Amino acid sequence: MKKKYTNGDVTVVWSPDLCIHSEKCARGLGSVFNPDVRPWVNMDGGTSAEISAQVAKCPSGALSILEEEKSEDSPVHSAPVQVLADGPLRIPGPCVITLIDGTEEKREKDAFLCRCGHSAKKPFCDGSHKREGFTG
Ligand code: FES
C-alpha cells in the first residue's frame with residue numbers, strides 16, 4: 001500500500017512493493033529519510049527542493065513526487081537490461097513488465113527483477129539478496 005508524506009508544498013509517495021532497500025535516500029538525505037524511526041519520512045527535515053532532488057535519485061522508483069495523472073500514452077523505451085553485481089536485473093524505465101497471469105505492470109522508473117530467488121515479491125527484487133548474501 002502506498003503511503004504519502006507532505007509538507008504542504010511537495011508530496012512524497014512511497015510504494016513499499018517497489019522498494020529494494022538500497023537506502024540511497026537515507027544516505028543522501030538522512031534528516032528526511034530514516035528507516036530507523038516512525039514515520040520514516042520527516043518532511044520537515046529538508047527543503048522541498050532537497051526532498052525532490054533526493055526522491056529523483058531513488059533507483060527503484062519506490063519514492064516519487066505526487067504529480068498530475070500521467071497519460072496512458074507515456075512513452076516506453078527499449079534499453080538494455082543490466083545484470084547488477086550480487087543483485088537483481090535492472091530493466092531501464094519507463095517499462096512494462098508482463099506477469100505470468102498476463103497482467104502488465106507499468107513502471108515510470110527502472111524495474112528490478114529478482115535474480116537470487118529469495119524475494120517475497122517475485123518477480124521483483126525486495127532487497128532480500130543482501131540479507132541472503134547472494135553473489136553472482
Ligand atoms: S535479487 Fe534482490 S531479492 Fe533477489
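Okay, so let's start with the sheet built from β4, β5 and β8: three strands in the order β4-β5-β8, open, with antiparallel pairing. Strands here are DSSP runs of E with at least two residues, helices are runs of H or I with at least four residues, and both are numbered from the N terminus. Two strands pair if DSSP finds at least two bridges between them. At the edges sit β4 (82–83) and β8, each pairing on one side only. Between β5 and β8, which run antiparallel, there are three bridges.

Before I go on, two housekeeping points. This is a predicted model, where local features need pLDDT of at least 70, side-chain atom pairs count only at pLDDT 80 or more, and totals for chains, interfaces and linings use all residues. Residues are numbered from 1 along each chain as its sequence is written.

Now the other sheet. This one is also open, with three strands in the order β1-β2-β3 and antiparallel pairing. Its edge strands are β1 (3–6) and β3 (63–65), each with pairing on one side only. On average, neighbouring strands in this sheet are turned by 25° against each other, direction ignored. For angles, the axes are lines fitted to C-alpha atoms, for helices over the stretch in contact, and the values run from 0 to 180 degrees between N-to-C directions. Four bridges hold the antiparallel pair β1 and β2, and K3 has W14 in β2 as its bridge partner. Then there is helix α2 (residues 48–55), which packs on the sheet, touches β2 and β3, and points at about 130° to the direction of β3. Contact, by the way, is when the C-beta atoms of two residues, placed from the backbone, lie within 7 Å.

Let's zoom out. The protein chain has three helices and eight strands, and along the sequence you read β-β-α-α-β-β-β-β-β-β-α. The domain assignment gives domain 1 (3–65) and domain 2 (82–132); those bounds come from an automatic or database assignment. The C-alpha centres of the two domains lie 20 Å apart. Six residues from domain 1 and eleven residues from domain 2 take part in the contact. On the domain 1 side, that works out by class as two nonpolar, three polar and one charged. The classes go like this: Ala, Val, Leu, Ile, Met, Phe, Trp, Tyr, Cys and Pro are nonpolar, Asp, Glu, Lys and Arg are charged, and the others, Gly among them, are polar.

How does the radius of gyration of the protein chain sit against that of a compact globule? With 136 residues, a compact globule would come out near 14 Å, and the protein chain has 15 Å, so the two agree. That radius is taken over C-alpha atoms, and the globule rule is 2.2 Å times the number of residues to the power 0.38. The C-alpha trace spans about 40 × 40 × 25 Å along its principal axes. Of contacts between residues at least 6 apart in sequence, 43% join residues at least 24 apart.

Next, the loop between β2 (11–14) and α1 (24–28), which is where you find C19. Is C19 buried or exposed? It counts as buried, because 23 C-beta neighbours lie inside 10 Å. The cut-offs: buried means 20 or more other C-beta atoms within 10 Å of its own, exposed means 12 or fewer, partly exposed is in between, and the C-beta atoms are placed from the backbone. Leaving out residues up to four places away in sequence, C19 touches S60 and A62. C19 and S60 are 41 residues apart in sequence, yet 6.1 Å apart in space, C-alpha to C-alpha.

That loop between β2 and α1 also holds H21 and E23. H21 has a positive phi of about 55° without being a glycine, and E23, also not a glycine, has a positive phi near 65°. Most residues other than glycine have a negative phi, and most peptide bonds are trans. H21 is partly exposed, with 17 other C-beta atoms within 10 Å, and E23 is partly exposed with 14.

Last stop, the cis peptide bonds. One joins G93 and P94, with omega about 0°, and P94 lies in the loop between β5 (89–91) and β6 (95–98). Another runs from K122 to P123, with omega near 10°; P123 is in the loop between β8 (111–113) and α3 (128–132).
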